[in-house]
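Dear colleague,

Please find below the structure that I am handing over to you. My findings follow it.

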Amino acid sequence: MRVVTTIKEMREIIREKKAEQVSIGFVPTMGYLHDGHIALIRRARAENDIVVVSIFVNPLQFGPDEDFDIYPRDLERDKKISAREKVDFIFHPSAEEMYPGTLSVKVIVQDRTDVLCGKSRPGHFDGVATVLTKLFHIVQPDRVYMGMKDAQQVAVVEGLISDFNFPIELIPVDTVREEDGLAKSSRNVHLTPEEREQAPHLYKSLLEAKKLILEGERDEVKIVSHMRDYITEKTNADIDYIEIYSFPQLKKLDRLEGRMIIALAVKFSKVRLIDNIVLTVP
């Protein structure tokens, strides 16, 4: 495994690999790898000749009051995990390498961002789309692997790839969870012991909603209200949103049918957590 820190070196490697006509699988991350990332890497490893993992905490996608400075970082740990999972290259550029000056052009996402996390994090997905556009040009992958834990990001990236005609196949991978149901996340380390005990109720509230829908409930207000009451009773978290939309279009549903996402975000004392489930209702 090789760690690459400059765009120039990464491009030279990709040029060589493209000449060998090998397939490239790409897993973009912000590091502090966990089992969710490992699931993406393993899928990429199984389906490609070369696997590239990027580790870059992207400042463009953090708001002024968000957790950029305390976002967990541990490159040595990430290198050990990546080597164990047979990653070929880690691309680990500095912020100065990726953004050497003020950007004259950036990507503005105009659809699928006025709901869920996008509603309370203005500019977040512009930052995501901008850095991914740069990474896609640098790594030139055949396939990119992203976790469904951040389903809105998957929906936005699907639009980015389609609208900009990137020759890339997007592979969404199911959310990886702890035994108690909590979605794996680098941010979970910031939960207090009490909050860690409460956090699995987020997923349980989603399962409660799914059960109601599959049993025939079609009143969205009742379903969201039930989830809100459940989370309020079981946790000390502040609810940011609980919403139901079509997926991946992320539009309001006139009737709860077809492929849909039930998604939530809550704020504990030091960390904001998201979760969702996607289901299809005839």
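In helix α9, the residues His201, Leu202, Lys204, Ser205, Leu206, Glu208, Ala209, Leu212 and Ile213 meet Ile223, His226, Met227, Tyr230, Ile231 and Lys234 of α10, where contact means heavy atoms within 4.5 Å. The residues of this contact comprise nine nonpolar, three polar and three charged. The model is predicted, so local features need pLDDT of at least 70 and side-chain atom pairs count only at pLDDT 80 or more, while totals for chains, interfaces and linings use all residues. Residues are numbered from 1 along each chain as its sequence is written, and side-chain values use heavy atoms, with hydrogens and water left out.

Helix α9 covers residues 201–214 and helix α10 residues 220–234; their axes lie 9 Å apart, at an angle of about 155 degrees. That makes α9 roughly antiparallel to α10 (angles over 145 degrees count as such).

The largest nonpolar core has 50 residues. A nonpolar core is a set of buried Ala, Val, Leu, Ile, Met, Phe, Trp, Tyr and Cys residues joined through side-chain atoms within 4.5 Å; buried means under 20% relative accessible area, with a 1.4 Å probe and protein chains only. Among the residues with the most contacts inside this core are Met10 and Phe136. Helix α6 (residues 124–139) gives the most to the core, with nine residues. Leaving aside neighbours within four places in sequence, methionine 10 is in contact with Val4, Val52, Phe89, Phe91 and Ile138. A second, separate core of 26 residues includes Ile213, Leu264, Ile277 and Leu279.

Yours sincerely

How values were computed: Axes are lines fitted to C-alpha atoms, for helices over the stretch in contact, and angles run from 0 to 180 degrees between N-to-C directions. Helices (H or I, at least four residues) and strands (E, at least two) are DSSP runs, numbered from the N terminus. Angles under 35 degrees count as roughly parallel, over 145 as roughly antiparallel, 65 to 115 as roughly perpendicular and the rest as oblique. Ala, Val, Leu, Ile, Met, Phe, Trp, Tyr, Cys and Pro count as nonpolar, Asp, Glu, Lys and Arg as charged, and the others, Gly among them, as polar.
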